[in-house]
Amino acid sequence: MPRLHPFNDPPSHPSSAMSGTHPDPSHFPRRILLAVTGLSPQIVTETLFALATRECDPWIPTEIHLITTAEGAERARLSLLHPKSGWFLRLCRDYGLPPIRFAKDLIHELHAADGMPLTDIRTLDDNTAAADAITEQVRILTADPHAALHVSIAGGRKTMGFYLGYALSLYGRPQDRLSHVLVSAPYESHPQFFYPTPESDVIHTPPPDSRPYDTRDARVTLAEIPFVRVRDGLPQRLIEGAASFSATVEAAQRALAPSQLILDLAGGRIHAGGETIALPPASLAFYAMLARRRVEGLDGVRWTDDGIAGAYLLCYREIDGDLSSGLERAAKALSEGMTKDYFDQRKSRVNSAIEKALGPQLAAAYLIHPDGARPQTRFGLTLDGGAIGFSEKKARPLE
């Protein structure tokens, strides 16, 4: 009989589990097992058994979520959660597992585009609906920084497993894991097998063989699957808000593409990392001034540079017009030249807007960066000048 290791309670300070490059998933206060299932709900108990009884790093979830079709949901409810015969409840009793939240409301049924429950995934529209729902569920569950997510792709149709693994690659964090469960023959896919029981329990293979086998002798192995995490390269709007599978994949592809910056001065915005970012005139003028210098092959700037205030006001006038009240206020503030406070404020606001829109990794190529040691640090863009363009209004040479 497999030995269940003593369960380690999460540390009194959960933040300690989340520190470092490789946080320990077992020490997170919220531990989520997420699986896709079809007509074989056994994948849930098999995966839970393998996680809880493995020799190295046993992991017990605090909650279990399923994504499945309408028929899969009914099978899961009856075979796993039935108060008398539910195999999930039996597994917990057999191996003395701590309380794990798994109920009907954590079984997420897939729906077609018209809102009707999906009984199977057979058409292109069904695939699209399933992909979007799976992606959104992974996005929601990975939004909690105090949660570690373990995803099993062993159940359901192959496309469901693919979408689930891909969604974890898009949204997964260092504490999240991906796995597949392997079951020895003849127990694999046997409708009466749910996990290796601690006591002897005989099941039979289908006729005409009808050979008896003891479920206690079954071998269930968890195979962890390495995956590439691209979450930090996604725009912030896709991490914080709902998006389709295709839109999220598109954004990830753009993040991997060569960086390109377009400044739309007339529209009051920039296009960076595949996203459109609106900037107020004061911030856009400051960014445009630095972008033009980069295009011209000039170094970064300091607030003490001669003519820096004039170059900034020139950009401001082009964006907002001669009669702009904002331009008037800026000209008054800079009547005696650029100040450190004004310079730092513009730089900070531009960088904050770009980071908020793109996230830290994708934003890095477009930020205003320091160059050189103090007290002679200069500031400018590091993006290649050939990757910077201006739309609507053309960039003029610096005067």
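Biologist: Before we start, what does buried mean here?
Modeller: This is a predicted model, and burial in it is judged for each residue by its relative accessible area, taken over protein chains only. A residue counts as buried when that relative accessible area is under 20%.

Biologist: Which strands stand at the edges of the open sheet?
Modeller: The sheet is formed by 6 strands with mixed pairing, in the order β3-β2-β1-β4-β5-β8. Each edge strand has a single partner strand, so one side of it is left without a neighbour in the sheet, and these strands are β3 (107-109) and β8 (220-224).

Biologist: In which sense do β1 and β4 pair, parallel or antiparallel?
Modeller: Strand β1 spans residues 30-37 and strand β4 spans residues 147-152, with 6 bridges between them. Within this pair, R31 stands opposite A148 in β4. The sense in which β1 and β4 pair is parallel.

Biologist: At about what angle does helix α2 run to β3?
Modeller: Helix α2, residues 70-80, lies across both β2 (63-68) and β3. The angle at which α2 runs to β3 is about 160 degrees.

Biologist: How are the axes of α5 and α7 arranged, and what is the handedness of the crossing?
Modeller: The axes of helix α5 (residues 158-171) and helix α7 (residues 245-256) come within 11 Å and cross at roughly 45 degrees. That angle makes α5 oblique to α7. Where the helices meet, Y163, Y166, L170 and Y171 in α5 are in contact with F245, T248, V249 and A252 in α7. As for handedness, the crossing in which α5 passes α7 is left-handed.

Biologist: Which residues make up the covered face of strand β10?
Modeller: Strand β10, residues 269-272, pairs with β9 in the antiparallel sense over 4 bridges, and 4 bridges also join β10 to β11, again antiparallel. Across these pairings L263 stands opposite I270, while A272 stands opposite E275 in β11. R269 and H271 belong to the uncovered face of β10, whereas the covered face consists of I270 and A272.

Biologist: Which residue in the turn between β10 and β11 has a positive phi?
Modeller: β10 and β11 form a hairpin with 2 residues between them. The turn residue with a positive phi, of about 60 degrees, is G273.

Terms used:
Residues are numbered from 1 along each chain as its sequence is written. This is a predicted model: local features need pLDDT of at least 70, side-chain atom pairs count only at pLDDT 80 or more; totals for chains, interfaces and linings use all residues. Side-chain values use heavy atoms; hydrogens and water are left out. Two strands pair if DSSP finds at least two bridges between them. Contact means heavy atoms within 4.5 Å. Axes are lines fitted to C-alpha atoms, for helices over the stretch in contact, and angles run from 0 to 180 degrees between N-to-C directions. Angles under 35 degrees count as roughly parallel, over 145 as roughly antiparallel, 65 to 115 as roughly perpendicular and the rest as oblique. A crossing is left-handed if the near helix is turned anticlockwise from the far one by less than a right angle, and right-handed if clockwise. Buried means under 20% relative accessible area, exposed over 50%, partly exposed in between (1.4 Å probe, protein chains only).
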